[in-house]
Amino acid sequence: MTTDASARAIKPELLRTYTEDFNKDRANLIAADAAVSAGVLKAATDYRGVRALPRDFSIELKQGSITNQERSGRCWMFASLNTLRYELMHRWNLEDFEFSETYLFFWDAMEKSNTYLENVLRTLDEATDSRLFEAINWGPSDDGGWWQMFAALVNKYGLVPKSAYPESENSRNSDDFKQYLNSKLREFAAELRRRSVAGASEDELRALKDEYMGTVYRICAVSLGEPPEKFDFFARTKDDAEADADGKAESCKCEGKSDAKACKSDKPKTGKDERPQIREIGITPLEFYKKYVPVDVNDFVTLANAPLKNRPFNQRYRIRFSANVAEAGDMEFVNVPLDVFKKAALDQLTAGHPIWFACDCTQFALRKDGFFDQSVVRVDQLFGTEFTGDKAHGLEYGDSPSNHAMTFTGVNLGEDGKPNRWKVENSWGKDAGKDGYYVMSDAWFDRYVTELIIRKEYLDDATRALLAAEPVELDPWQPLTRRCR
């Protein structure tokens with residue numbers, strides 16, 4: 001198409017028409033006053049939509065204290081650990097518990113750095129401006145990730161409680177740490193490519209990479225502190241529990257007693273905390289994971305609901321160059337229709353297990369007040385235009401990719417037995433939402449939730465059979481490849 005410059009420009013006479021039309025509509029003037037004064041989201045908040053989403057749920061899981069990723073992109077890690085700590089707390093009868101997110105953050109930075117340099121070695125023949133190399137080079141060791149990255153780290157390094165490796169300033173606010181780590185990694189990449197052109201062998205390049213990883217370790221250790229090889233663990237169980245010789249919490253044995261008060265009255269009352277204790281001295285992270293976490297991270301499957309023409313449902317997919325741990329393999333998922341997707345979520349929650357999920361947390365969302373719902377955030381009314389894009393449009397055009405991971409801890413079923421709202425545990429601290437929790441309408445779930453992490457036992461037979469199918473490989477720039485932050 002060839003047109004002159006005047007045809008491409010905004011015409012002055014049209015601008016006059018736009019402003020005349022805007023000013024003669026009273027609703028526009030009211031909307032502008034509200035939005036300019038309070039911001040778009042506050043001006044667009046519909047109180048009727050808020051009232052239609054009460055914060056009570058027919059199925060609700062009792063979770064620990066709200067966590068806070070602060071100014072970091074570790075949402076996927078927090079959501080993953082929140083699903084596991086629920087299982088640990090209820091298995092061992094603990095009032096509260098939190099894993100160390102910083103521990104996995106350290107090893108994730110190390111592993112992503114190693115995988116990036118390995119990917120550089122795999123693509124030495126690629127031009128630096130090729131689409132593949134640009135995808136690899138975009139964020140060598142950025143914060144984002146998926147459940148499978150989490151599982152790979154746990155399998156290799158185990159888990160530790162937060163007391164064994166607490167937060168640091170650079171885990172709370174990771175931008176500076178990751179900026180300079182990524183800069184150094186790109187310098188290493190350029191040198192590896194230069195040495196390759198100069199005739200260095202693969203063995204020589206890999207030896208150089210191993211040397212570079214020493215620098216990476218130093219940057220990570222200076223920023224976060226070195227992770228523990230062993231640690232001591234101490235916890236007290238609830239008042240109605242006793243710990244056996246292996247540390248396992250069991251229900252209090254009160255046979256013949258009329259009530260709990262009678263049971264407790266057998267012992268003299270003192271100021272001493274008499275609750276049973278769990279104690280471990282010099283346990284390793286892998287030992288801790290295997291002993292105290294009652295689920296296997298490998299027993300979970302990533303389900304996606306991506307209604308794209310080039311992503312047929314009931315198919316297994318694998319995303320190239322998506323691993324964080326080089327030897328663990330790339331991310332995989334099974335794409336399923338919405339009814340299968342939602343039933344798996346309902347079955348797992350009903351059975352009493354939380355769910356890791358990914359979505360676009362920015363769409364029709366009130367971060368401070370804790371709502372995900374298009375009927376609450378009425379930007380259509382504020383701007384006088386409908387937003388009609390569907391889920392396929394949002395993924396294909398990059399308008400609503402997955403960018404945040406959270407945890408489902410409840411759902412409300414209507415009289416027809418179908419869900420109408422979902423309870424969401426976030427990792428933005430207790431001052432976001434209602435004491436850290438959000439409420440999501442079922443319509444928002446359908447439109448913006450794209451990934452669920454489901455235990456294999458809650459998959460239907462047809463979906464479970466797909467796990468043995470040969471996966472279709474996807475390129476790292478295609479929809480559903482963006483890491484959650």
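This is a predicted model: local features need pLDDT of at least 70, side-chain atom pairs count only at pLDDT 80 or more; totals for chains, interfaces and linings use all residues.
The protein chain contains 19 helices and 16 strands. Along the principal axes, its C-alpha atoms fill a box of roughly 90 × 70 × 45 Å. Of the 485 residues in the protein chain, 50% are buried. The chain exposes about 24100 Å², and carbon and sulfur atoms supply 49% of that area. Contacts across the sequence were also examined. Among contacts in the protein chain with a separation of 6 or more, 78% are accounted for by residues 24 or more positions apart.

Empty space within the model was considered next. In general, rolling a probe the size of a water molecule over the atoms shows where such space is left. The largest pocket holds about 670 Å³ of space. Its lining comprises 30 residues, and those nearest the centre of the pocket are A135, W138, P476, T481 and R482. Three helices, α7 (101-122), α8 (131-137) and α17 (391-396), each contribute at least two residues to this lining. Helix α7 provides the largest share, with four residues. By residue class, the lining of the largest pocket consists of 16 nonpolar, seven polar and seven charged residues.

In total, the structure holds 28 aromatic pairs. A pair of aromatic rings is described by the distance of the centres and the angle of the planes. For W107 and Y157, the ring centres are 4.2 Å apart and the planes lie at 5°; because planes under 30 degrees apart count as stacked, this pair is assigned to that class. Elsewhere in the description of aromatic residues, one aromatic cluster is formed by W92, F97, F99, F231, F233, F288 and Y292.

N93 is not a glycine, yet it has a positive phi of about 60°. This residue is found in the loop between α6 (75-92) and α7. N93 has a relative accessibility of 18%, and it therefore counts as buried, the limit for that class being under 20%. A positive phi of about 60° is likewise recorded for F321, which is not a glycine. F321 is located in the loop between β7 (315-319) and β8 (332-335). With a relative accessibility of 12%, F321 counts as buried.

The remaining residue considered is E473, which lies in strand β16 (residues 472-474). The relative accessibility of E473 is 47%, so this residue counts as partly exposed, a class that runs between the 20% limit for buried and the 50% limit for exposed. When residues up to four places away in sequence are not counted, E473 touches R318 and R320. The C-alpha atoms of E473 and L413 are separated by 37 Å, and the two residues stand 60 residues apart along the chain.

How values were computed: Residues are numbered from 1 along each chain as its sequence is written. Side-chain values use heavy atoms; hydrogens and water are left out. On a 1 Å grid over the protein atoms alone, a cavity is a set of points where a 1.4 Å probe fits but cannot get out, and a pocket is an open set with protein on both sides within 12 Å along at least five of seven lines; lining residues have an atom within 4 Å of a point. Grid points are joined across faces, edges and corners, and a volume is the space filled by probe spheres set on the points. Ala, Val, Leu, Ile, Met, Phe, Trp, Tyr, Cys and Pro count as nonpolar, Asp, Glu, Lys and Arg as charged, and the others, Gly among them, as polar. Buried means under 20% relative accessible area, exposed over 50%, partly exposed in between (1.4 Å probe, protein chains only). Contact means heavy atoms within 4.5 Å. Accessible areas come from the Shrake-Rupley method with a 1.4 Å probe; for residues, only the protein chains shown count as cover. Rings of Phe, Tyr and Trp (its six-membered ring) pair if their centres lie within 6.5 Å; planes under 30 degrees apart count as stacked, over 60 as edge-to-face and the rest as tilted.
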